[in-house]
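Subject: Structure for you to look at

Hi,

Here is the structure I promised you. Please open it first, then read my notes below.

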Amino acid sequence: MKLNSTNRFWIVFILTIPMLIQMLAMPFHWMMPGYNWVALVTTTIIMIIGAWPYWTSGWAAFKKHNANMNTLVAIGTGIAYLYSLFAMVTGRPVYFESAAFITVFVLLGDTMEERMHDNASNALQKLLKLQVKSAQVLRDGHFVETPLAEVQVGDIVQVKPGQKVPVDGVITSGQSTVDESMITGESMPVQKHAGDQVVGSTINGDGAIEFRATKVGNDTMLAQIVEMVKKAQTSHAPIQNLTDRISQIFVPAVLIIAIMTFTIWFAFLGATAVQAMLFAVATIVIACPCALGLATPTALMVGTGRAAKMGVLIKDGTALEEIENVKTIIFDKTGTITNGQPAVTDIVGNQSQVLQVAASLEASSEHPLAAAILQKAKAESVDYPSATDFQALEGRGVMAKVNGEGAFVGNERLAAESKLPSDLQQKLHTLQAAAKTVVIVGYAGQVIGLIAIQDAPKPSSAAAISALKARGLKTVMLTGDNQRVAEAIAKQVGIDQVIAGVLPNQKAEQVQALQKDGKVAFVGDGINDAPALTTADVGIAMGSGTDIAIESGSIVLVQNDLNGVVRALDISKKTFNRIKLNLFWALIYNLIGIPIAAGLFVSFGLQLSPEIAALAMAFSSVSVVTSSLLLNRVKIAGTTAA
């Protein structure tokens, strides 16, 4: 059975427990009976299970004249282990624990990274699960349930109320409303008639429709979205690990210094072979990559842990590096900037009376706007009587009797017979100019008021976008909604640029176009946002969104709040900056310690034995961990330090 990083980490960690106990007991002058043999056996197993993959990787890099983090691990563990074998034979102090704990720390980092990158295949599987398994297809004059794979272009397909549309096509008969939010991002269901197009995996409303299939199999829009997500996920260049870049210079330098140290002491300064070996080993030990190996995982652990407490889940270490240079933040509209549900924003006239009449009629209606009016009536504690003689007038509204009087709720065509007062006419135009859907309410032969409905911005959106702009970031709205509605919402929240009427297969293209001006982050919540989330340099998914959006994003905002974008940017940048600080400190520590360990200052009475070098190496690791823990104290926008 092949062990993954997580399994290897736990096995190795358990094996290091005896050495950890001994290290803790040393200040009390207690020595575990047979400790050297215990350390030899456990470290040998650790080298085979934990360190062997790093040795093989380091050797492969060496053969290509390169050096990476695995080269550092291989050299650090190999020298500590082999010298300890030599020391054990010659009766000198052993350093098996150095080799063991280096392996533990590096495996811990690999385990964290392994968990971060397990989302790619899951995202594609969830997309594919959106497809229905079969369709009602016309065969020999009857509709027969047919496996989806057998549906062909030109087939007539029937979809009943509440069912998913199986493939793309054009309606031939019937009418209904279709929820296309998963494709267009628009929260309002769309009225569909004969001749209109329907898209596979969207949800049919309250009417039965028949349509002719125009795209099936891999040609459907959902299949194309799956393919785009797959390509976007594989097109990202892997993060260029800072430690690997450093090690390409650091590893050869340490090796050269260690060889020079042995040669100079043995050949020119009169030291014995053992003395020269001790100087060389001290150089290698103090340069062991514990601190370098801890620099990234500890900062990630603390930073992501603190971010999680603030409702920000950072899933991909790549985001930490990419977000550092982001110039533009792109937002989806529906469910991201806005609430994602139509709601009553304005009531003109006697609010109680207008709501009472409208709610009486809409209680019998299945129109998408009815729910918004009924929700408003409930919120305002408005009681309403039951309507009688209810009639739904296609494309105009509804009519009924309320308390014996005629009443209606509808558009201007329905209200044409009732004279609309000039003040209401002016208010109607004002509300429509603000991209709001306006219904006219009539009672007892006259118009009594107006109700405006809109998918309104979230209360936090304007403040969050203002905070992002204050940080010098450009803000863009990318939406499938129409230009007028998009511009009205953008004006309310302060968005710099609007790109409207964009379909899912165009969103990724628009993101790529904006990337020409610098790195971009995309914020979205819908299935239709998945390609853009994975194409962007940093994908930020709203936690209230669909599973596929959450899986595609490298950062997830658990709270449905755009202020989380500001917090995500701050904590990501500060975590990555802390990683760079840790790496700098680890290197500076080595640059100071290596000359001392090599015996450069022996004439001044300053010398490091391998034991002291190992202690100094451990102290550098403690320093890096402490630096990472200080991430809990840094100030993040909208929060207080821990």
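A salt bridge here is a side-chain nitrogen of Lys or Arg within 4 Å of a carboxyl oxygen of Asp or Glu. K436 lies in the loop between α16 (422–433) and β16 (437–443), and D346 lies in strand β12 (residues 343–349), so the pair ties together parts that are 90 residues apart in sequence. K436 counts as buried, at 18% relative accessibility. D346 counts as partly exposed, at 22%. The cut-offs are these: buried is under 20% relative accessible area, exposed is over 50%, and partly exposed is in between (1.4 Å probe, protein chains only). Helices (H or I, at least four residues) and strands (E, at least two) are DSSP runs, numbered from the N terminus.

Some ground rules. This is a predicted model, in which local features need pLDDT of at least 70, side-chain atom pairs count only at pLDDT 80 or more, and totals for chains, interfaces and linings use all residues. Residues are numbered from 1 along each chain as its sequence is written, and side-chain values use heavy atoms, with hydrogens and water left out.

The mean for the protein is 82, and 86% of the residues reach 70 or more. Residues 232–240 stay under 50. For that stretch the model has 16 contacts beyond four places in sequence. A contact means heavy atoms within 4.5 Å.

Now the whole protein. It has 23 helices and 22 strands. Of its 642 residues, 51% count as buried. Take the contacts with a separation of 6 or more: residues 24 or more positions apart account for 68% of them.

Back to salt bridges. How many does the structure hold? There are nine. One of them joins E324 and K580, with the closest N and O atoms 3.6 Å apart. This pair links distant parts of the chain: E324 is in the loop between α12 (317–322) and β11 (326–331), K580 is in helix α22 (residues 563–597), and they are 256 residues apart. E324 is partly exposed, at 22% relative accessible area. K580 is partly exposed too, at 35%.

Helix α22 also carries D570. D570 forms a salt bridge with R471, closest N and O atoms 3.0 Å apart. R471 sits in the loop between α17 (461–470) and β18 (474–478), 99 residues from D570. D570 is buried, at 12%, whereas R471 is partly exposed, at 40%. Look as well for D332, K507 and D529, which are linked in a network of salt bridges.

Next, the start of the chain. An unreviewed UniProt entry lists transmembrane regions, including residues 9–28 and 34–55. Such annotations may be inferred rather than shown by experiment. In the model, residues 9–28 are 80% helix and 0% strand, with end C-alpha atoms 29 Å apart. Residues 34–55 are 95% helix and 0% strand, with ends 28 Å apart.

One last stop. L255 is in helix α9 (residues 242–268). L255 is partly exposed, at 34% relative accessible area. The C-alpha atoms of L255 and T283 are 9.1 Å apart, though 28 residues separate them along the chain.

Best wishes

Technical notes: pLDDT is the predictor's confidence in each residue, from 0 to 100.
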